[in-house]
4 protein chains.
Amino acid sequence: MAIDKVLIDQHNEKQLSLHKKKFQTLFDILEDEGHSVDDLINKIKAFQIAIPSWALGTGGTRFGRFSGGGEPGSLEEKIQDIGILHALNKSSGAISLHIPWDIPKDINIIKELAADNEIVFDAVNSNTFQDQKDQEVSYKFGSLSHTNKAVRSLAISHNIEVIKHGIELGSKALTVWLSDGSDFPGQQNFRKTFHRTLDSFHHIYDALPEDWKIYIEYKPYEPHFYSTVVSDWGSSLLFCQKLGDKALGLVDLGHHLPNTNIEQIVSRFFMEGKLGGFHFNDSKYGDDDLTVGSIRPYQLFLIFNELVEGMSSPEVKNPKLSWMIDASHNVKDPMEDLLQSVEAIKIAYTQALLVDQNALEKAQEENDVTTAQEILQNAFRTDVRPLLAEARLRAKAALHPISAYRDLKIRENLVKKRGTKSMATGL
Amino acid sequence: MAIDKVLIDQHNEKQLSLHKKKFQTLFDILEDEGHSVDDLINKIKAFQIAIPSWALGTGGTRFGRFSGGGEPGSLEEKIQDIGILHALNKSSGAISLHIPWDIPKDINIIKELAADNEIVFDAVNSNTFQDQKDQEVSYKFGSLSHTNKAVRSLAISHNIEVIKHGIELGSKALTVWLSDGSDFPGQQNFRKTFHRTLDSFHHIYDALPEDWKIYIEYKPYEPHFYSTVVSDWGSSLLFCQKLGDKALGLVDLGHHLPNTNIEQIVSRFFMEGKLGGFHFNDSKYGDDDLTVGSIRPYQLFLIFNELVEGMSSPEVKNPKLSWMIDASHNVKDPMEDLLQSVEAIKIAYTQALLVDQNALEKAQEENDVTTAQEILQNAFRTDVRPLLAEARLRAKAALHPISAYRDLKIRENLVKKRGTKSMATGL
Amino acid sequence: MAIDKVLIDQHNEKQLSLHKKKFQTLFDILEDEGHSVDDLINKIKAFQIAIPSWALGTGGTRFGRFSGGGEPGSLEEKIQDIGILHALNKSSGAISLHIPWDIPKDINIIKELAADNEIVFDAVNSNTFQDQKDQEVSYKFGSLSHTNKAVRSLAISHNIEVIKHGIELGSKALTVWLSDGSDFPGQQNFRKTFHRTLDSFHHIYDALPEDWKIYIEYKPYEPHFYSTVVSDWGSSLLFCQKLGDKALGLVDLGHHLPNTNIEQIVSRFFMEGKLGGFHFNDSKYGDDDLTVGSIRPYQLFLIFNELVEGMSSPEVKNPKLSWMIDASHNVKDPMEDLLQSVEAIKIAYTQALLVDQNALEKAQEENDVTTAQEILQNAFRTDVRPLLAEARLRAKAALHPISAYRDLKIRENLVKKRGTKSMATGL
Amino acid sequence: MAIDKVLIDQHNEKQLSLHKKKFQTLFDILEDEGHSVDDLINKIKAFQIAIPSWALGTGGTRFGRFSGGGEPGSLEEKIQDIGILHALNKSSGAISLHIPWDIPKDINIIKELAADNEIVFDAVNSNTFQDQKDQEVSYKFGSLSHTNKAVRSLAISHNIEVIKHGIELGSKALTVWLSDGSDFPGQQNFRKTFHRTLDSFHHIYDALPEDWKIYIEYKPYEPHFYSTVVSDWGSSLLFCQKLGDKALGLVDLGHHLPNTNIEQIVSRFFMEGKLGGFHFNDSKYGDDDLTVGSIRPYQLFLIFNELVEGMSSPEVKNPKLSWMIDASHNVKDPMEDLLQSVEAIKIAYTQALLVDQNALEKAQEENDVTTAQEILQNAFRTDVRPLLAEARLRAKAALHPISAYRDLKIRENLVKKRGTKSMATGL
């Protein structure tokens with residue numbers, strides 16, 4: 001189901017005059033302050049966020065899942081859904097595949113479909129946190145870290161297979177979220193577990209093509225509740241250091257202990273040239289996988305402030321970053337949730353672009369704390385939505401993606417087509 | 001599958017002389033200190049902890065479940081499993097049923113089977129956090145708190161039905177863990193949600209028999225990740241105050257924010273005569289549902305210290321407490337886990353019985369903080385396991401339940417009987 | 001040192017045309033959306049936040065304090081400082097006094113000085129967390145909760161004396177932050193400590209004039225690190241319920257365990273008619289006492305959303321609220337910090353005023369979670385600073401208080417007058 | 001004031017027969033299990049824990065300090081106090097000096113006094129978190145990380161001076177707890193701050209003698225409440241890696257975010273050969289600096305389990321560790337608190353020595369989680385106090401140090417000698 005571009009134009013038409021007014025005022029103010037608004041808009045337009053293939057269906061918890069209707073039942077339908085999102089916001093032009101949930105049956109059809117929807121293939125994700133049907137050995141007690149070599153070999157092979165799928169699709173990176181860990185003191189020897197994992201990582205690393213990266217995600221707990229092998233940024237960095245240049249850390253915003261200063265971790269990875277990318281989401285308690293920006297929008301802005309500053313600094317030598325969403329939409333229409341998430345990410349990015357980095361540096365040098373805060377908050381408090389809307393308008397996307405999504409009755413049409421009982425693979 | 005008592009005797013025989021030696025030394029020391037060891041042992045013997053019907057199978061997380069073998073496939077088999085536990089430790093003589101997972105088909109058969117295993121029926125649990133097959137309206141957005149009256153009515157009816165099942169079985173209390181809550185700011189009006197819930201509770205309360213209680217469990221998050229309706233002890237107490245004498249708070253050890261002083265909450269409920277009982281487990285991060293005492297055994301002891309002190313104080317007027325386990329056994333044999341949990345609870349209880357309450361009161365009055373700590377730690381550091389073993393010996397249970405469980409190859413026999421693919425209902 | 005109003009006018013003159021442009025655009029948009037901008041501005045103008053007398057000096061930690069210059073050395077100078085703040089923002093027209101740090105020597109002089117600066121006296125604060133010179137008995141092990149009656153009596157007398165000072169000044173409330181608690185398990189009997197405290201509170205309560213309130217603040221830890229007597233909102237509410245109508249809870253934003261949903265606590269107090277007021281600040285880890293809105297501005301907005309909704313609801317019967325700042329300015333000029341804090345509070349309040357409550361209620365009733373979030377975020381993302389500036393302009397305050405403060409070289413003048421070594425009483 | 005050894009003998013005499021009985025039973029059981037009790041006791045005897053020079057006085061919080069009596073007013077008196085502790089427990093034969101609070105006036109007198117008390121000099125501690133009187137530039141905005149080179153130079157010089165004092169005394173390590181950090185987003189550029197700090201560390205590192213170490217302590221917050229430069233173990237490790245072999249991480253148990261798995265961090269440092277030592281204490285909320293083992297004794301045991309396993313593993317190449325206490329005794333007699341802390345540390349160490357490492361390894365290899373837990377808990381639940389008492393008896397220390405301390409009226413004598421108003425330097 002593709003969106004007729006005429007419908008988007010009609011949607012925009014109705015809101016155009018109000019948009020123009022808001023945009024013009026903001027344009028004037030920003031230009032007066034020395035910004036090039038066209039530059040800003042070009043940066044906003046260029047910024048693309050990958051949608052994970054498992055995020056198009058309704059998520060659940062260990063207590064159950066309440067599915068919505070019209071969920072995509074195949075990889076093809078997932079790509080179509082992302083195509084719709086991308087048509088609406090022109091900012092979701094990438095998909096991050098999860099294997100084995102989304103192994104392409106016919107690679108050419110999938111690639112064509114993606115190309116038709118202007119979607120590229122971002123990092124591919126492996127899964128060794130679940131046993132697949134008829135799997136010979138089990139991941140119950142770990143995969144890459146398992147005490148049993150047979151299990152480790154299976155997990156290594158799976159990762160290598162995921163790389164192969166990725167190569168065929170044009171991906172350039174493998175994301176490993178390793179759920180391995182323990183639930184009770186004494187269950188594992190931390191040191192031996194680390195070394196077994198490192199050894200497994202080496203095998204996977206060796207299978208990476210020259211121009212590929214491996215992203216090593218960290219997480220302090222869940223699905224294991226005492227320890228995890230890649231528990232924090234320090235552990236992730238240690239693995240990356242021991243593996244080599246292609247190994248980089250991946251930051252999932254929800255994967256931190258309470259009160260963690262995430263933006264400083266981002267800076268640390270970046271400083272070391274070891275930042276691979278992000279899994280964006282938001283949370284109040286743990287890995288809640290809520291809509292990006294729904295709980296702590298200022299923290300999101302502070303993270304982007306680190307990135308914008310770092311990306312423009314000659315001191316930082318870091319490969320290009322991957323931007324991905326990783327959320328679980330338990331009580332919202334997943335596509336609406338994704339539109340909100342993309343919007344929140346781009347708002348934070350745009351606000352960070354507005355920070356006067358020279359003035360900030362001066363305030364920092366002088367320990368003028370009040371002014372440093374004023375500079376950041378001035379950017380954060382600016383209503384940048386007209387810039388995002390203008391960027392979408394120029395890209396022929398919808399001025400207000402969620403309104404357009406509802407006006408065009410997209411979910412209703414999907415339900416009509418796919419039924420109320422279709423259910424996406426995923427968590 | 002019942003355990004032949006002769007096998008337990010044989011198991012005990014082998015360990016008897018070592019036990020006698022350990023016990024005799026401890027006996028002498030405690031008697032010298034003024035304790036009546038026989039009194040202690042009688043209290044230990046009398047202390048029974050209910051096993052929840054959902055804890056006999058392997059638990060899982062939102063990322064998957066790795067089942068073990070020989071899991072009970074019916075309520076009958078669950079009662080048999082608890083019968084085995086009780087035969088081994090004579091401390092698990094109660095079951096806490098979960099409806100609708102474990103609705104008895106033939107009430108008399110179930111009651112007979114329970115009686116044969118010396119098991120009584122503790123509080124019954126309702127479930128409005130999952131939709132049942134062909135349910136007319138959904139609990140996706142709440143149950144007792146739902147904005148739609150039809151959903152609230154369904155949830156009320158279900159709770160009343162659970163009470164009816166409980167009456168038939170001889171239970172005396174309904175436990176309501178209400179998962180209702182919200183995932184995003186703005187999703188619910190906190191005040192109206194509270195009032196709708198209170199109204200629903202009133203309907204359930206009115207259906208309680210004269211000699212019944214309703215236990216209102218609180219939990220700060222999960223499965224919802226922004227707010228919950230009964231989020232903390234204060235909210236639970238508020239509902240209980242508004243409902244009446246039959247409404248009491250229930251403390252699940254894992255349902256607290258980081259660093260909460262749980263023992264003080266226990267004291268607050270007790271002081272108000274509003275403590276219903278416990279769901280025991282342990283945790284490091286959130287509601288991890290780990291084996292009781294596996295992470296923070298000292299905290300468990302401190303909770304029991306509050307209970308032992310309160311139960312003996314004329315200032316505390318509180319109904320009899322319910323003791324239940326609520327854990328999720330993801331990587332252990334559930335029956336082994338339950339044996340470990342019961343042992344940990346009884347160790348903490350016994351240690352608390354050893355606290356010299358008069359000396360502690362004196363130290364508190366004098367603000368002699370060092371001595372107060374010495375008194376508590378003296379009790380906690382005492383190895384009370386010989387007392388527990390002796391109590392089991394006198395009750396004709398196993399000196400070492402877990403060793404006996406393994407020696408008697410109970411799991412192997414269950415797997416033989418039930419197969420490797422049987423799977424218990426539950427989470 | 002009073003500010004010459006002409007200087008403020010000159011400051012405003014320079015920024016007027018830019019302000020007018022921003023304001024006009026926002027005016028048009030908001031009026032189009034159905035808001036009465038004049039009503040909004042009147043509400044903003046009327047909103048006054050009390051400055052605590054201990055916040056005019058540089059704060060410290062247990063590791064030391066780094067004082068700034070020109071700090072007020074007397075109550076008179078503190079009132080002058082607040083007068084300056086109020087002249088700049090016309091939103092700080094109240095002072096919250098701390099006794100015994102700021103006992104007025106000549107009550108009439110103080111009252112006149114306050115009146116000259118258009119400052120009224122908000123809640124008075126007692127202090128039983130420090131021993132005063134030559135105090136006969138010590139608060140080392142508690143005050144209102146102490147095991148020794150003599151200590152409790154002293155603490156009660158002190159609170160009654162604070163009320164008397166308040167009556168003379170025109171205050172209408174006593175704020176009690178009771179630091180009493182324990183550092184080690186076993187140090188205190190929780191129940192007896194509660195009852196002793198309750199008894200002490202009764203004595204203080206009985207000394208309250210008819211039209212007074214007592215605000216009972218809660219805090220989970222610090223300066224004691226195992227338990228506190230008024231540890232959480234539930235404990236605060238329990239005291240208030242047992243005391244009577246004049247007793248209300250006070251919410252200090254920094255006094256919560258990690259991840260607490262503070263806005264729901266605010267709603268609970270409000271629902272029960274038991275909300276007294278706020279100590280505003282912000283924090284990342286504990287009671288960090290940072291500038292309001294500097295870490296979690298969205299949470300601040302959500303709290304105000306509860307208040308705005310509740311204040312307009314006929315279901316809520318709650319006395320008028322007290323708004324106070326309680327922050328510790330360790331690395332900023334305290335007056336600049338206070339200007340930033342007041343601004344942040346008023347921004348959050350204004351954003352909350354913009355929430356379309358009817359649309360929100362509709363979305364909540366329909367469980368339209370996406371729309372509920374859109375409504376809140378639409379308000380939060382709006383740049384309301386032109387409304388605040390306009391309200392100040394109409395009140396003859398500064399368009400940009402911090403810029404004015406710097407342009408007018410206020411701190412430099414204070415240093416000249418008071419020296420670099422003057423040091424305010426406080427923490 | 002030295003303790004007459006005859007008095008200790010008299011104290012022991014009274015408790016000897018009960019001790020002998022307890023010890024003999026434990027001896028028999030442990031020997032039966034294959035332990036050499038004499039080996040255990042020799043290890044216990046050899047284990048010495050350094051007392052920090054700032055821990056002999058009553059500590060405080062930012063809200064005040066309630067001093068006790070008889071506090072040591074000079075370095076000489078502090079050494080005497082540690083001498084008393086060491087006479088009582090023969091486990092505190094080291095002091096960790098804090099400069100500039102405890103600069104020796106006459107180095108030879110101090111060294112002789114220490115030798116007389118059988119006390120050696122452990123790591124020396126620098127202090128750049130407070131300004132000293134008449135300091136030319138201020139540490140208000142940092143020291144080794146400061147934007148101003150003059151401040152960095154001062155802080156570097158101070159550290160080099162501390163090394164010089166340490167050399168004279170016979171210390172072999174410098175502990176740097178760097179309080180540098182920021183209180184507000186934007187205040188510092190994380191990357192530049194890191195690099196300035198690294199540069200300063202290099203200067204200090206270069207001044208270390210060949211056989212010295214530098215311990216780099218990490219802490220997430222306090223006295224700064226947004227970020228710290230050495231915020232976590234990952235940052236500490238990064239500095240150590242960049243500096244060289246002499247740089248090692250130091251773990252203060254209280255310096256972690258909520259729910260951190262500290263034992264895994266210990267293992268990570270150890271695995272990398274980068275563990276310098278410990279600052280022992282306990283906490284419930286933050287850096288509460290409570291008596292060791294007073295809140296989470298099982299965690300302490302788990303840490304020692306890592307150390308005991310690692311120290312015996314050929315895979316671990318790590319320098320000898322430093323064991324230090326770092327607590328703040330706000331409501332206890334500091335010397336009693338230190339006796340309790342030392343006891344708790346040695347109990348945990350002894351329990352860890354009892355862990356059957358071979359059986360544990362086997363259970364880990366087989367993923368027998370139940371057994372792994374049984375092994376650890378079996379050790380933890382063993383009452384090892386008779387072993388500690390026997391070790392003290394053989395070392396001619398007191399069977400029960402705290403009882404002896406009280407029986408001998410040590411505090412009363414110190415008060416008589418030093419008065420009730422003496423006050424130790426420190427926090």
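**Axes, contacts and interior**

The model is a predicted one, and every value here is computed from it. Of the interface residues of chain A, 96% are also interface residues in chain C, so these copies meet through the same surface.

Chain D is superposed on chain A by a rotation of 180° with 0.0 Å of shift along its axis, and the RMSD is 0.0 Å. This is the relation of a two-fold axis. In chain D, Gly234(D) has the C-alpha nearest the axis, 2.1 Å from it. The copies again meet through the same surface, because 100% of the interface residues of chain D are also interface residues in chain A.

What makes up that surface? In the contact between the two chains, 38 residues of chain D are in contact with 38 residues of chain A. On the side of chain D that touches chain A, at least two residues each come from helices H6 (190-206), H7 (233-243), H8 (262-271), H11 (357-365) and H12 (369-381) of chain D. H12(D) gives the largest share of this side, five residues. By type, the residues of this side of chain D are 16 nonpolar, 17 polar and five charged.

Chain D also has a residue in contact with chain B. Ile402(D) sits in helix H14 (residues 401-407) of chain D. Apart from residues up to four places away in sequence, Ile402(D) touches Thr370(B) and Glu374(B), as well as Glu336(D), Leu339(D) and Gln340(D). Ile402(D) has 21 other C-beta atoms within 10 Å, so it counts as buried; the cut-off is 20 or more.

In soluble globular proteins, nonpolar side chains tend to be buried together. Beyond its neighbours within four places in sequence, Ile95(B) is in contact with residues including Ile51(B), Ile79(B), Ile82(B), Ile119(B) and Phe121(B). The contacts of Ile95(B) also include Ser53(B) and Asp122(B).

In chain D, Phe121(D) belongs to strand E5 (residues 120-121). Phe121(D) has 22 C-beta neighbours inside 10 Å and therefore counts as buried. Leaving out residues up to four places away in sequence, Phe121(D) touches Ile95(D), Leu97(D), Ala114(D), Leu169(D), Gly170(D) and Ser171(D). Gly166(D) is 45 residues from Phe121(D) along the chain, while their C-alpha atoms are separated by 8.0 Å.

E13(A) pairs with strand E12 (residues 275-280) of chain A in the parallel sense over four bridges. Among the residues of E13(A), Ile325(A) is the bridge partner of Phe280(A).

Definitions and conventions:
Residues are numbered from 1 along each chain as its sequence is written. Chains are lettered from A and ligands numbered from 1 in the order in which they are written. This is a predicted model: local features need pLDDT of at least 70, side-chain atom pairs count only at pLDDT 80 or more; totals for chains, interfaces and linings use all residues. Two residues are in contact if their C-beta atoms, placed from the backbone, lie within 7 Å. Copies are superposed by least squares on the C-alpha atoms of residues with pLDDT of at least 70 in both. Two strands pair if DSSP finds at least two bridges between them. Ala, Val, Leu, Ile, Met, Phe, Trp, Tyr, Cys and Pro count as nonpolar, Asp, Glu, Lys and Arg as charged, and the others, Gly among them, as polar. A residue is buried if 20 or more other C-beta atoms lie within 10 Å of its own, exposed if 12 or fewer, and partly exposed in between; C-beta atoms are placed from the backbone.
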